[in-house]
Amino acid sequence: ELPNFNDVNVATAFSKFGKLLRARWFPRNIAAEESFRRLMVSNNDMCAAAGPLNDARHVANVTHAIAKMSKAGKLVIDVNVRETLAALEIATTRVEMSSQHVSNTMWAFATLRREPGVEAWAALETAVARTGPEMNDQDLSNSVWSYATLGREPGAEAWVALEAAVTRVGPEMNPQALANVLWSLATLGREPGAEAWA
C-alpha cells in the first residue's frame, strides 16, 4: 500500500515510471492518474518531513524521472507536478549529493526549464564544487549543459571544480559528452584554461 512506502520505494517507483514511458500502455499524461498523484503526495510529505531523507538518490531519481517523462510528452506539468518539484527543491538543501546525483538533478531542472530557488541552487552549486574531483564525463557534461541551458554562470568555486574536471576527464570524453561540454562553454562564454586543451 502506497502510504507505507519509504523514500527508497517512492524514488524507485518514480524511476520505474521513467523507464516504462515508452510502453504502449503508458498513459498520455501520467500526472492525471490517481496512483501517480498519490505517489507525488507521498514524495511531497517525505520531502517536507523534518530531518534528512535516507539518501540523495531520492531527490535525483524523482527529479530525473519527472524530467524524462515530461521530455517524452508523457507528463504535463500541472499544479501537482509543480508542488512536487518545489518539494524536491527543498529536499535538495538537506541531502549530500554525489557527482552523479547533482548532475542528474541539475539536468532534470534544466530539461524542465525550471530554475531552482535560491537555497536549492546554492546547495547544487556547493555540491558541484565539492564533487568536481569525482565527476566522470557524463556528470561533467550534464552539469555544464545544465548551467548553459538555464543561462546561469557557475559560481567561482563551482567553475574551478568544473574546469579541473574538464582537464581531468577531457581526454577520455566520448564525442557526445565533448560536444555538450564545448557547446555549454561557448554558450556561457567561458573558456577553460590552457591545461584543459593540452
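Which hand does the crossing of α2 and α3 have? Select both helices to find out: the crossing is left-handed, meaning that the near helix is turned anticlockwise from the far one by less than a right angle. This is a predicted model, in which local features need pLDDT of at least 70 and side-chain atom pairs count only at pLDDT 80 or more, while totals for chains, interfaces and linings use all residues. Residues are numbered from 1 along each chain as its sequence is written, and side-chain values use heavy atoms, without hydrogens and water.

Stay with α2 (residues 34-48) and α3 (residues 56-71), whose axes come within 12 Å and cross at roughly 145 degrees. Now show side chains: F36, N43, M46 and C47 of α2 meet H58, V62 and M69 of α3, with contact taken as heavy atoms within 4.5 Å.

Next, colour the aromatics; the structure holds 5 aromatic pairs (ring centres within 6.5 Å; planes under 30 degrees apart are stacked, over 60 edge-to-face, the rest tilted). F17 and F36 make an edge-to-face pair, 5.4 Å centre to centre with 75 degrees between the planes. This pair joins F17 in helix α1 (residues 7-20) to F36 in α2, 19 residues apart. F36 counts as buried because its relative accessibility is 0% (buried is under 20%, exposed over 50%, partly exposed in between, with a 1.4 Å probe and protein chains only).

Move on to W121 and Y147, another edge-to-face pair, at 5.5 Å and 85 degrees.

Finish at W159: the charged end of R190 sits over the ring, 4.1 Å from its centre (CZ of Arg or NZ of Lys within 6 Å of the centre and within 35 degrees of the ring normal).

Notes
Axes are lines fitted to C-alpha atoms, for helices over the stretch in contact, and angles run from 0 to 180 degrees between N-to-C directions. Helices (H or I, at least four residues) and strands (E, at least two) are DSSP runs, numbered from the N terminus. Rings of Phe, Tyr and Trp (its six-membered ring) pair if their centres lie within 6.5 Å; planes under 30 degrees apart count as stacked, over 60 as edge-to-face and the rest as tilted.
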